[in-house]
Amino acid sequence: MRKRILRIAMAVLMLAVMVPSALAATYEEINQDQVFLKQEQRGTCTLASTAMMLRRAALLNGDENWAQITEASCRQAFWIAGCGLPYNFSYGEMTVGHETLPGGAANEAVLIDLLEAHPEGIMLHAACVPHGILLTEYKDGQFYCADPSEYAGTGIIPIEEAWGTRVENSNAYWYVTSQVADVQEEEDLALPQVTVETSVEDLLLPLFLQDVEEETCLIGQALETAR
């Protein structure tokens with residue numbers, strides 16, 4: 001009887017652990033190599049970078065269809081042929097806005113604050129290059145990005161390794177204006193601590209009592225037959 005209860009309890013716990021969080025993702029999840037894209041053609045760096053930003057935002061919001069956000073799907077949703085990326089637009093339930101930067105060294109403080117508020121990253125554009133990248137993180141005095149250019153490395157790289165775009169020469173950025181969930185901390189994924197002798201038995205006490213009642217009934221029937 002006790003072994004049966006423990007087996008049921010362990011099954012319940014395993015199911016609870018396997019159920020993914022409805023909202024938010026970890027840094028590891030939004031930094032997977034498959035999240036990042038390379039531009040499909042010349043002149044679509046801002047489009048590819050925005051698609052990467054939206055993919056990370058969708059991941060943080062628990063959207064299982066985040067991988068369906070591509071350069072092609074974004075082109076159909078908001079890209080303006082002959083003009084490029086509009087200042088304000090939407091993709092599904094996500095909305096994006098545009099702002100300008102002060103320029104030069106003053107950009108650094110602005111971008112640090114933006115990344116603190118936007119873990120999904122921002123689409124950073126340097127018109128003088130011209131080139132757009134996804135600025136992803138500021139850590140230990142270093143800016144990191146994902147560059148859609150074929151001339152830059154894959155995944156997250158230091159901004160100094162991006163093609164042309166730098167903090168100081170950037171003039172504008174695009175960012176998600178709709179709500180995005182915070183990054184889920186890694187320690188939240190730890191297995192729950194459960195004392196089997198107490199909490200599990202308390203949880204399954206009704207099942208135990210049901211088994212006892214069934215066995216008592218069978219014993220009573222056997223005694224009645226013996227008479």
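Student: Which residue in β4 does Leu124 stand opposite?

Tutor: Leu124 stands opposite Ile133 in β4. Keep in mind that this is a predicted model.

Student: How many bridges join β3 to β4, and which way do the strands run?

Tutor: Five bridges join them, and the strands run antiparallel. β3 covers residues 122–126 and β4 covers residues 131–139. His125 stands opposite Gly132 in β4. Ala126 has His131 as its bridge partner there.

Student: What links the two strands?

Tutor: A hairpin of four residues takes β3 into β4.

Student: Is β3 enclosed or open to the outside?

Tutor: Five of the five residues of β3 are buried, so the strand is largely enclosed by the rest of the structure.

Student: Which β3 residues point which way?

Tutor: Ile122, Leu124 and Ala126 point one way, while Met123 and His125 point the other way. All of these are buried.

Student: What does β3 do with β7?

Tutor: Three bridges join β3 to β7, and the two run antiparallel. Met123 has Trp174 in β7 as its bridge partner.

Student: And β4 with β5? How many bridges there?

Tutor: Five bridges, again in the antiparallel sense. Tyr138 is the bridge partner of Phe143 in β5. The hairpin of β4 and β5 has two residues between the strands. In that hairpin, Asp140 takes a positive phi near 55 degrees.

Student: Zoom out. What is the strand order in the sheet?

Tutor: The order is β1-β2-β7-β3-β4-β5-β6, in an open sheet of seven strands with antiparallel pairing. β1 (89–91) and β6 (157–158) stand at the edges. Each has a single partner strand, so one side of each is left without a neighbour in the sheet.

Student: What holds paired strands together in general?

Tutor: Strands of a sheet pair through backbone hydrogen bonds.

Student: Now the whole chain. How many helices and strands?

Tutor: Seven helices and seven strands. From the N terminus on, the run is α-α-α-α-β-β-α-β-β-β-β-β-α-α.

Student: Which strands does helix α3 lie across?

Tutor: Helix α3, residues 45–60, lies across β1, β2 (94–100), β3, β4, β5 (142–146) and β7 (172–176). Its angle to β4 is about 40 degrees.

Student: And helix α5? Which strands does that one lie across?

Tutor: Helix α5, residues 107–117, lies across β3, β4, β5 and β7. It runs at about 75 degrees to β4.

Student: Back to α3. Is Ala58 buried or exposed?

Tutor: Ala58, found in helix α3, has a relative accessible area of 2%, so it counts as buried.

Student: What does Ala58 touch?

Tutor: Not counting residues up to four places away in sequence, Ala58 touches Asp63, Trp66, Ile69 and Met94. The C-alpha atoms of Ala58 and Ile30 are separated by 9.5 Å. Those two residues are 28 apart along the chain.

Student: Which residues touch the most other members of the largest nonpolar core?

Tutor: Leu54, Cys74 and Phe78, out of 32 residues in that core. The elements giving two or more residues to this core are α3, β1, β2 and β7. Helix α3 gives the most, with nine residues.

Student: What is Phe78 in contact with?

Tutor: Leaving aside neighbours within four places in sequence, Phe78 is in contact with Leu47, Thr50, Leu54, Leu85, Pro86, Phe89, Ser90 and Tyr91.

Student: Switching to cysteines. How many disulfides?

Tutor: The count comes to zero.

Student: Cys74 and Cys83, then. Where is Cys74, buried or exposed?

Tutor: Cys74 is buried, with a relative accessible area of 0%. Cys83 counts as exposed, because its relative accessibility is 67%.

Student: Last one. How much of the chain counts as buried?

Tutor: Of the 227 residues, 40% count as buried. The chain exposes about 13400 Å², and carbon and sulfur atoms supply 54% of that. Among contacts with a separation of 6 or more, residues 24 or more positions apart account for 65%.

Definitions and conventions: Residues numbered from 1 in each chain as written. Predicted model: local features only at pLDDT ≥ 70, side-chain atom pairs only at ≥ 80, totals over all residues. Heavy atoms only, no water. Buried < 20%, exposed > 50% of the residue type's maximum accessible area, 1.4 Å probe, protein only. Contact = heavy atoms within 4.5 Å. Areas by Shrake-Rupley, 256 points an atom, 1.4 Å probe, with all protein chains shown as cover. Pairing = 2+ DSSP bridges. Axes fitted to C-alpha atoms, helices over the stretch in contact; angles between N-to-C directions. Core = buried A, V, L, I, M, F, W, Y, C linked by side-chain atoms within 4.5 Å. Disulfide = S-S within 2.5 Å.
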